[in-house]
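Me: I have a structure open and would like to go through it slowly. Could you help me read it?

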Amino acid sequence: MKRTLYESDHEAFRESFRKFVEVEIAPHDEQWNRDSIVPREVFAKAGKNGFLGMDVPDEYGGGGVKDFRFNAVIIEELMRAGCGGSGLGLTLHNDICMPYFLTYANEEQKKRWLPGIVSGDLITAIAMTEPGIGSDLASMSTTARREGDHYVVNGAKTFITNGINADVVITAVKTDPTQKHKGMSLLVLERGMEGFERGRNLDKLGQHAQDTAELSFTDVRVPVANLLGESEGQGFTQLVTKLPQERLSIAVAGVAAAEAALTWTLEYVKERKAFGQPIGSFQNSKFVLAEIATEIDLAWHYVDDCIRALNADELTAVDASKAKYWCTELQGRVVDRCLQLHGGYGYMNEYPIAKAYADARITRIYGGTTEIMKEVIGRSLGL
């Protein structure tokens, strides 16, 4: 069934970004996976070409168009090219971090940070997870004690995407350690602040091109002017409000990755022969791929409706959780079944399906595990 989500402007944007990926990302993807990091200049090149901050008002240098369909195009093209790891920093920057600055930053903060974020000179990250707490954010131990015009921040974060490259890090802290959810606030920590240290670039199963780091804070003095929101204690509400877009972004990536795996596998089974005929002609291959194609089609239409709802400010936490849970589980099933159809060659890293298999495993964990998504959905049922 034909998708009707996109208009001519989005397809023109797609053509431009596809060329950007072909020139600036895909030829270097293998090297960046070996290096475990994408060079900072990639963000600057993306910014120069209009691929960062599409929804940022033009007075701060952005595109001035609030339309998540442009974000979705970027995700789809990165996955189509098999460059999800290399592009994850860009999508985190656009889809996950940008909304916090647009919604919660005051005018002074927007003038200070948004132009650099849009140009790619300031790379963003968000630091929520801590060692040992996983999804239980309310139990975080990173504290921010107010001393005059500064907060003194102590603690540690882990699994931080863009952790090595980031210049401005939205950091969840406890401004009132006696409270759980109501004691949380968001502070922006900046590169170069004394006591703000980055640990090792974590060695992961997949997504190797994406720098993922541990961050530590030892008596870091952060100006009160770096608090996001009008007052302390709003952090948990701010996070909950922005999580639906984050989860939708991950859902889009999940379906797009599944579709890419299907495309590669269709090409393979038409060329690869066994017992004197293409392996795609065997009934098992046909049935497996028919199931995959159907599930992907169904998922796209639900995701497209979620994108429409987000654009209308109507996307609920429950619907976003359904999308994130279903689409990432679909991604895992699809890449596994597609790898099986590649046989032994599917286990070879020279084939894109092998990298896609390793890259897919984390998507059921970050942004909220499948189990947390089911918990959100279950509560909506009155359970």
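**Reading the model**

Reply: Let us begin at a turn: in the hairpin of β2 and β3, which has two residues between the strands, G148 takes a positive phi near 65°. Strands here are DSSP runs of E with at least two residues, helices are runs of H or I with at least four residues, and both are numbered from the N terminus. This is a predicted model, in which local features need pLDDT of at least 70, side-chain atom pairs count only at pLDDT 80 or more, and totals for chains, interfaces and linings use all residues. Residues are numbered from 1 along each chain as its sequence is written, and side-chain values use heavy atoms, with hydrogens and water left out.

Me: How many bridges join β2 to β3, and do they run parallel or antiparallel?

Reply: Strand β2 (residues 143-147) and strand β3 (residues 150-161) run antiparallel and are joined by five bridges; two strands pair if DSSP finds at least two bridges between them. Within this pairing, A144 stands opposite V153 in β3.

Me: And T142, where is that?

Reply: T142 lies in the loop between β1 (124-127) and β2. With 0% relative accessibility T142 counts as buried, where buried means under 20% relative accessible area, exposed means over 50%, and partly exposed is in between, using a 1.4 Å probe and protein chains only.

Me: Which polar partners does T142 have?

Reply: The side chains of T142 and E130 are joined by a polar contact of 2.7 Å, and a polar atom of the T142 side chain lies 3.3 Å from the backbone nitrogen of A156. A polar contact is a pair of N or O atoms within 3.5 Å; within protein, one must be able to donate a hydrogen and the other to accept it, and residues adjacent in sequence count only if both atoms are side-chain atoms. Leaving out residues up to four places away in sequence, T142 also touches others, including V153, A172 and F217, where contact means heavy atoms within 4.5 Å.

Me: Switching to helices: why does the length of α1 make sense?

Reply: At 1.5 Å a residue, the 18 residues of helix α1 (residues 8-25) should span 26 Å, and its end C-alpha atoms are 24 Å apart, which agrees. The expected span is 1.5 Å times one less than the number of residues in the helix.

Me: Which residues of α1 are buried?

Reply: They are H10, F13, R14, F17, F20, V21 and I25. These residues cover an arc of only 130° around the axis, which puts them on the same side of α1; the arc is that of the directions from the helix axis to the C-beta atoms. On the other side of α1, S8 and V23 are exposed.

Me: What do those buried residues pack against?

Reply: The buried residues of α1 pack against α2 (29-35), α3 (41-48), α4 (68-80) and α5 (84-104).

Me: Last one: what does UniProt say about residues 125-220?

Reply: An unreviewed UniProt entry places the feature "domain: Acyl-CoA oxidase/dehydrogenase middle" there. UniProt positions are given in the numbering used here, feature names are shortened, and annotations may be inferred rather than shown by experiment. In the model, residues 125-220 are 0% helix and 51% strand.
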